[in-house]
Amino acid sequence: MTTLSDISRTACVLFGLTNERTMLNVKLYNKSNGLQKTNAVKYLEEYKNIINWKMDSTILDIGCGDGGLTSKIFKEIIPNCKTMIGCDISEDMIRFANEHYASERINFTTLNIEGELPDQLRERFHHVISFFALNWCHRQETAFQNIYDILRDQGSCFAIIAERVSLFDAYRNLAKVEKWKPWLIDVERYISPYHDSQDSRKEMEHLLGKVGFTVTKLEHKILVHDFENQENLKELRSKTYPISLITKEVVSRLSEEKNHYSMHTGPLLKPKNGSHGLLTLKDTYLHTMIARIPLKKCNNY
């Protein structure tokens, strides 16, 4: 089971708060992204018969981070994969990934999936996978259009996308407090575009259809991970603040004044059903999706 220290350290990975100012300890990310890996492997196993990996396939992992999960999937979960490429917007992550995980059949490159798509990536891959990354794209249609254009005929996309997370409401509440307002800047930038949706599943299904995908599976999931007590949130809080001008002094003050913080954010954990005193994240929801390219490009081959 993922250790409690790993869970607290990796909340920034799961919740996507990894911008140019708050991330950038790649080695820490490498040691502490067990929560992300656990969920990715869990759902890859659950949906493996539906995804139906092609023999000798080419696969793109969007938002690969440090490359560790990409490498694990390549070696252990998709043995019939011919080549895999991991991409991420962070140059530091890609540099680390190529230094530690690249091989003859797996490599890594920088890519902004919301940006202009390089011609060499068009219609290149049989499968696209992405875990806790696409929810940080606020230009959702552009991102999914690029994925559509990346895929070959009858290709598929499997993604885990954060939908609604109580931690995001906590950030919003804290950003309204005069004491913290100067430090909590651009909070909305870090909140999933589906967080406030009244029917995010329907919204996503409509978007995928508009782009041209056929939706094979789109499910609403509850994210469950275990904590022993509220104290295990201390490091989580100190590493997941969406603070643009973050300093050690500010993080220290936030951590020391946890009671003041909790007064404005509310509880972030709740008792886990059927457990012996364990707590789990409160109100954290995901979408798991599998979408395919229909037979429309076959005349091009």
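Predicted model: local features only at pLDDT ≥ 70, side-chain atom pairs only at ≥ 80, totals over all residues.

A disulfide is a pair of cysteine sulfur atoms within 2.5 Å.

**Exercise 1.** Determine how many disulfides the structure holds, and explain the result for C87.

*Solution.* 
1. The count of disulfides is 0.
2. For C87, the closest cysteine sulfur belongs to C64, at a distance of 6.2 Å.
3. Because the cut-off is 2.5 Å, this separation is too far for a bond.

**Exercise 2.** Classify C87 and C157 as buried or exposed.

*Solution.* 
1. The criterion for a buried residue is a relative accessible area under 20%.
2. C87 has a relative accessible area of 1%, so C87 is buried.
3. C157 has 0% relative accessibility and therefore also counts as buried.

**Exercise 3.** State the strand order of the open sheet of 7 strands and identify its edges.

*Solution.* 
1. The order is β3-β2-β1-β4-β5-β10-β6, and the pairing is mixed.
2. β3 (106–110) and β6 (214–222) each have a single partner strand, so one side of each lacks a neighbour in the sheet; these two strands stand at the edges.
3. On average, neighbouring strands of this sheet are turned by 15 degrees against each other, direction ignored.

**Exercise 4.** Describe the pairing of β4 with β5 and the helix α7 that packs on the sheet.

*Solution.* 
1. Strands β4 (residues 125–131) and β5 (residues 151–165) run parallel and are joined by 6 bridges.
2. I129 has F158 in β5 as its bridge partner.
3. Helix α7 (residues 140–150) touches β1 (57–62), β4, β5 and β10 (284–292).
4. The direction of α7 makes about 155 degrees with that of β5.

Note on methods:
Residues numbered from 1 in each chain as written. Heavy atoms only, no water. Buried < 20%, exposed > 50% of the residue type's maximum accessible area, 1.4 Å probe, protein only. Pairing = 2+ DSSP bridges. Helix = DSSP H or I, 4+ residues; strand = E, 2+ residues; numbered from the N terminus. Axes fitted to C-alpha atoms, helices over the stretch in contact; angles between N-to-C directions. Contact = heavy atoms within 4.5 Å.
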